[in-house]
Amino acid sequence: MHRFVEAVTARGVIPPRGASLKRMFAYWEAGDRSVTVPVYQQAFCAMYDASPAALGFDPAVPPGVDPQLAELLERRLDLVDVDKALVDLLEAQTHDLRLLDRRLGSGARAAMAEDHAEQLTDLLHRSLGRHRAALAAATAEAALLAGWLALDRSDIKTAWHWHSRARSAAIESGSGDRIAHAIGQQAIVLLDAGQTMAALSAAREASQVAADSPPILRAWIAATEAEVLSATGDRVGAARRFRDAALHLSSNGEEEVPFIMLTDIHLERWRGHVLLTAHDAAALETLTGALAADSDSVRAAASLHTDLAIAILRHGDREAGLHEAGRAAELASRSGSVRQARRLRAALDAVGGQEVKEADKGS
């Protein structure tokens with residue numbers, strides 16, 4: 001697969017990566033699908049120093065075709081006519097995957113989300129016409145979902161790959177909301193990757209881009225910047241941006257943004273997480289107050305209960321902390337959240353002891 005990626009890249013095309021590439025090879029090896037993309041065929045021919053016919057690829061031009069017609073066929077573009085109905089259908093599929101993720105977690109939906117994002121990316125590359133911008137916006141959101149699920153699996157490289165694709169598609173769409181959302185999520189990926197100052201730069205850029213966005217999106221970006229500011233040690237700035245987020249949220253009214261789920265209780269949960277990472281004693285009370293939101297999403301519940309377990313253990317209540325850790329481990333396992341499982345394991349290791357090891361084993 002490494003040689004294939006190099007051969008395709010050398011021809012100016014970015015191939016799929018990670019799980020998507022493995023699935024593609026599995027289909028080819030099992031004979032379930034044929035290698036039909038011309039550049040992929042060229043890559044295999046180069047790898048094995050063989051002709052298309054020797055590798056069993058269908059000839060691009062049938063035998064006996066006039067040379068002039070052959071040249072036209074060689075230069076033919078495989079374009080797709082995309083209309084509003086198709087874009088709406090694809091956006092509905094993204095929304096359904098988003099809802100399924102909230103119920104089942106990233107472990108169950110990751111492959112479907114990546115396949116969906118690949119499909120939209122391919123359509124965008126082959127589409128023209130007045131609905132291309134709308135398709136680009138839909139592609140951005142599908143790629144962001146795939147990237148977010150990769151981040152939850154702690155697959156930073158795949159997460160960054162999809163977020164980069166999402167940002168490019170968002171820019172092509174011309175939608176400031178999508179661009180701001182993509183850059184804001186990139187900031188969180190950068191933060192997880194330990195690139196704190198780059199994350200801060202991205203969060204501030206997202207805030208500037210979102211200046212005219214709906215209040216709920218500005219609230220989400222303000223909270224993102226607050227999390228990054230806290231990671232830099234700027235607790236005052238973080239508190240200020242959380243206040244900004246609350247103000248934006250209160251002024252939102254009934255306006256909805258399909259790709260943002262944020263309420264007052266969600267914001268409080270987020271603030272509790274940031275307080276915890278800053279080792280602030282107020283984290284436990286804040287997180288306990290946010291328990292009402294733990295049923296909105298299995299992944300969010302895993303995060304909240306992991307935060308609570310860490311906060312209780314730091315508070316010195318070993319028995320209650322281990323009990324909460326068991327609940328968090330169950331949720332992390334059910335949702336497929338490697339990200340939360342690793343945080344929990346690190347907290348348990350920090351406490352030590354046989355009792356903790358047994359709880360950790362259950363995760």
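Predicted model: local features only at pLDDT ≥ 70, side-chain atom pairs only at ≥ 80, totals over all residues.
**Entry 1: Glycine 194**

I began with glycine 194, which is exposed, with a relative accessible area of 51%. I use exposed for over 50% relative accessible area, buried for under 20% and partly exposed for in between, with a 1.4 Å probe and protein chains only. I found glycine 194 in the loop between α9 (176-192) and α10. Helices here are DSSP runs of H or I with at least four residues, strands are runs of E with at least two, and both are numbered from the N terminus.

Residues are numbered from 1 along each chain as its sequence is written, and side-chain values use heavy atoms, with hydrogens and water left out.

**Entry 2: The whole chain**

I then stepped back to the protein chain, whose secondary structure comes to 18 helices and two strands. Of its 363 residues, 48% are buried. I looked at contacts next, meaning heavy atoms within 4.5 Å. Among contacts with a separation of 6 or more, 63% join residues 24 or more positions apart. The accessible surface is about 18200 Å², and carbon and sulfur atoms hold 53% of that surface. These areas come from the Shrake-Rupley method with a 1.4 Å probe, and for residues only the protein chains shown count as cover.

**Entry 3: The cores**

Which residues touch the most other members of the largest nonpolar core? I found Trp220, Ile260 and Leu262, in a core of 64 residues. The largest share of this core comes from helix α7 (residues 132-152), with 13 residues. A nonpolar core here is a set of buried Ala, Val, Leu, Ile, Met, Phe, Trp, Tyr and Cys residues joined through side-chain atoms within 4.5 Å.

Leaving out residues up to four places away in sequence, leucine 262 touches Ile216, Ala219, Trp220, Leu249, Leu267 and Trp270.

**Entry 4: α11 against α13**

How do helix α11 (residues 215-231) and helix α13 (residues 264-277) lie against each other? Their axes come within 9 Å and cross at roughly 10°, so α11 is roughly parallel to α13. Axes are lines fitted to C-alpha atoms, for helices over the stretch in contact, and angles run from 0 to 180 degrees between N-to-C directions. Angles under 35 degrees count as roughly parallel, over 145 as roughly antiparallel, 65 to 115 as roughly perpendicular and the rest as oblique.

From α11, the contact takes Trp220, Ala223, Thr224, Ala226, Glu227 and Ser230. From α13, it takes Leu267, Trp270, His273, Val274 and Thr277. By class I noted six nonpolar, four polar and one charged residues. Ala, Val, Leu, Ile, Met, Phe, Trp, Tyr, Cys and Pro count as nonpolar, Asp, Glu, Lys and Arg as charged, and the others, Gly among them, as polar.

Serine 154 is not a glycine, yet its phi is positive, at about 65°. Serine 154 sits in the loop between α7 and α8 (156-173) and is partly exposed at 22% relative accessibility. Histidine 279 also has a positive phi, near 60°. I found histidine 279 in the loop between α13 and α14 (283-289), and at 57% relative accessibility it counts as exposed.

**Entry 5: Single residues**

Is serine 213 buried or exposed? Serine 213 is buried, with a relative accessible area of 4%, in the loop between α10 (196-209) and α11. Beyond neighbours within four places in sequence, serine 213 is in contact with Asp177 and Arg218.

Leucine 149 lies in helix α7 and is buried at 1% relative accessible area. Its C-alpha atom is 9.9 Å from that of arginine 98, 51 residues apart along the chain.

Leucine 89, in helix α5 (residues 84-104), is partly exposed at 49%. Its C-alpha atom and that of alanine 138 are separated by 10.0 Å.
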